[in-house]
Amino acid sequence: MKDKKKRGTVSRLLDFAGNRRGLTYVGCVLSAVAMAVNMVPYVCIWLAVRDLVAVAPNWAQARPIAGYGWAAFGFAVGGIVVYFCALMCTHLAAFRTATNIRKRCIAHLSKAPLGYFDTHASGLLRRRIDGAAAQTETLLAHNLADITGTAAMFVTLLVLLLVFDWRMGLACLMAAVISIGALFVMMGGKNAQLMAQYYDALDHVSKAGTEYVRGIPVVKVFQQTVYSFRAFKEAIDAYSERASHYQGVVCKKPQAVNLTVTEGAFMLLVPVALVIAPGALAAGDFADFVTNFAFYAVFSAVLSTALAKIMFAAGGLTQAEDALRRVEEVLSAPTLSVTNDPKVPADNSVLFEDVSFAYEGSDVAALDGVSFCVPVGATVALVGPSGGGKTTAASLVPRFWDVSGGTLRVGGVDVREIDPHVLMDRVAFVFQNTRLFSASILENVRAARPDATREEVLEALHDAQCDDILEKLPDGIDTMIGSEGTYLSGGEQQRIALARAILKDAPIVVLDEATAFADPENEALIQRAFARLLQGRTVIMIAHRLSTVVNADRIVVLDRGRVVEQGTHAELAAADGLYARMWADYQTAVEWKIGKQVA
């Protein structure tokens, strides 16, 4: 990453351009040629004015000036055509670059562990990828060509401005010096960091906004206000503060100076002209003085346009630098290692051997020296207080994360030595937070096995106790779910997810409190579906309702990332340890009833 930062923004961006990298250079060269060609009509105008002033007021004696007009027209049209070709080249390269950025980011994220997406909101990732790619288009398609074209224009202007009258030329260039100084004050030095902070604040607004939209049902149910979403409000306030400070404080005075100088560059010629005029009149060169003054007056407007292009191009370069930084953050996301010599598990057992794990940025280990075994066909339940490491341990089996220490084996093979596709085919998982796609029920279930037939999907839905769901829906299995479709209850969604797991037919199943949000009726149906799903499989079950794990073959009690107890329900209930206390608390909670105190 350090080597990349030493390279320029444009060079790093063009790494994504592929075989269209050369089009960017061609477009920049053509843009420079176009800008130089566009200067010729002004010279033609000056020649026409010179000939007219020389014979004034006897205009008829002037040599024919139509040739100047046609030459100016020809060069103007030629400049437009060349500039159009330049933009065609830069746009083709920009579109390919933006496309490749999106493809490379998505390809990289497809190799990231699934746990990465739990800690990085989808709204944030979408903005970083899609928004950043769009910002790079502006730089490569327009700004880069404008920068090189404007540079060529300035070289041409420098020659022209100093050839006819160097004093008026310096007056015009003074406007450019002041404008560039104002731009540097706005975008250079310490203020360059403000733009990065501005876009970071915008990222946080996007992330918090996504979370807020998802939480709107909670707000409406409990009649809360927007201020209950403190993170969203703080993100908006931070963004507003950054934007107001940058635009209203940092840029206010420099931008006022910049606009005044560029739009009023002609005014800088007036005092110089007043100084030069008496000498020109005395020397009999007043006609040449008038011609030169007219020439520089016209070019002051061209200078204003050129400086405006520099300002927008500089802004585009700053935005592209920030966009590239965010793209590189995505590309630096951790990826799952893939062994060159994959091994095939001997069976479907799961073994934790002194496993340790810590989340990125955390100083406290989520798991510390965890060891337990799940034999083939056995059901092992993970229980314990919240934050004890149950979900973390289960997520390591399908490699949502890789262990920080120790070894996790499936069928006697370290999961890191198994081909990721083979491992995922062996593991099915159902979480308490079910996610269904905005697609038909058929496609949602078929996501587990894309080559499954319609009949196989229907059979999986039947085994998952979903017959009542299909009967009440207008299009049955073809009913659309989600956006502009039918919305299912939490328990119904859970049963659809179970059908997906049944269809996958994986020998290892991970259940993370799959009945947490189900009502009694749905919970009963889900328990029936479990009987079909778990039959003959190796099961790791995370449960808060201890009644669901009483019949487990083994119960592992986790507390603060460590295994504190192991055994059957009967053994642990009689051991007077953490599990016994949890069981007693659970029994008390079950027996609790709403009552009325009698006076």
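This is a predicted model: local features need pLDDT of at least 70, side-chain atom pairs count only at pLDDT 80 or more; totals for chains, interfaces and linings use all residues.

Reader: Is Thr136 buried or exposed?

Author: Thr136 counts as buried, at 1% relative accessibility, where buried means under 20% relative accessible area, exposed means over 50%, and partly exposed is in between, with a 1.4 Å probe and protein chains only as cover. Thr136 has its place in helix 6, residues 122-164; helices (H or I, at least four residues) and strands (E, at least two) are DSSP runs, numbered from the N terminus.

Reader: OK, on to strands: in what order do the 4 strands of the open sheet come?

Author: The order is 2-1-4-5, and the pairing is antiparallel, where two strands pair if DSSP finds at least two bridges between them. The edge strands, each pairing on one side only, are strand 2 (367-374) and strand 5 (413-414). Further in, strand 1 (residues 350-357) and strand 4 (residues 405-410) pair over 5 bridges, and Val350 has Val410 in strand 4 as its bridge partner.

Reader: And why is strand 7 called largely enclosed?

Author: Strand 7 (residues 508-512) is largely enclosed by the rest of the structure because 5 of its 5 residues are buried.

Reader: Which strands pair with strand 7?

Author: Strand 6 (residues 427-431) pairs with strand 7 in the parallel sense over 5 bridges, and there Phe431 stands opposite Asp512. Strand 8 (residues 538-542) also runs parallel to strand 7 and is joined to it by 5 bridges, with Ile540 in strand 8 as the bridge partner of Val510.

Reader: Changing topic, how many salt bridges are there?

Author: The count comes to 14 salt bridges, each one a side-chain nitrogen of Lys or Arg within 4 Å of a carboxyl oxygen of Asp or Glu. One of them joins Asp368 and Arg562, whose closest N and O atoms are 2.6 Å apart.

Reader: What does that pair tie together?

Author: Asp368 lies in strand 2 and Arg562 in strand 10, so the pair ties together parts that are 194 residues apart in sequence. Asp368 is partly exposed, with a relative accessible area of 29%, and Arg562 is also partly exposed, with 46%.

Reader: Where does strand 10 pair, then?

Author: Strand 10 (residues 562-567) pairs with strand 9 (residues 554-559) in the antiparallel sense over 5 bridges, and Val556 stands opposite Gln566 in strand 10. The hairpin of these strands has 2 residues between them, and Arg560 takes a positive phi near 55° there.

Reader: Which side chains meet in the salt bridge of 2.8 Å, N to O?

Author: Those are the side chains of Asp468 and Arg495. Asp468 lies in helix 18 (residues 467-472) and Arg495 in helix 19 (residues 490-504), so this pair ties together parts that are 27 residues apart in sequence. Asp468 counts as partly exposed at 33% relative accessibility, whereas Arg495 is buried, with a relative accessible area of 2%.

Definitions and conventions:
Residues are numbered from 1 along each chain as its sequence is written. Side-chain values use heavy atoms; hydrogens and water are left out.
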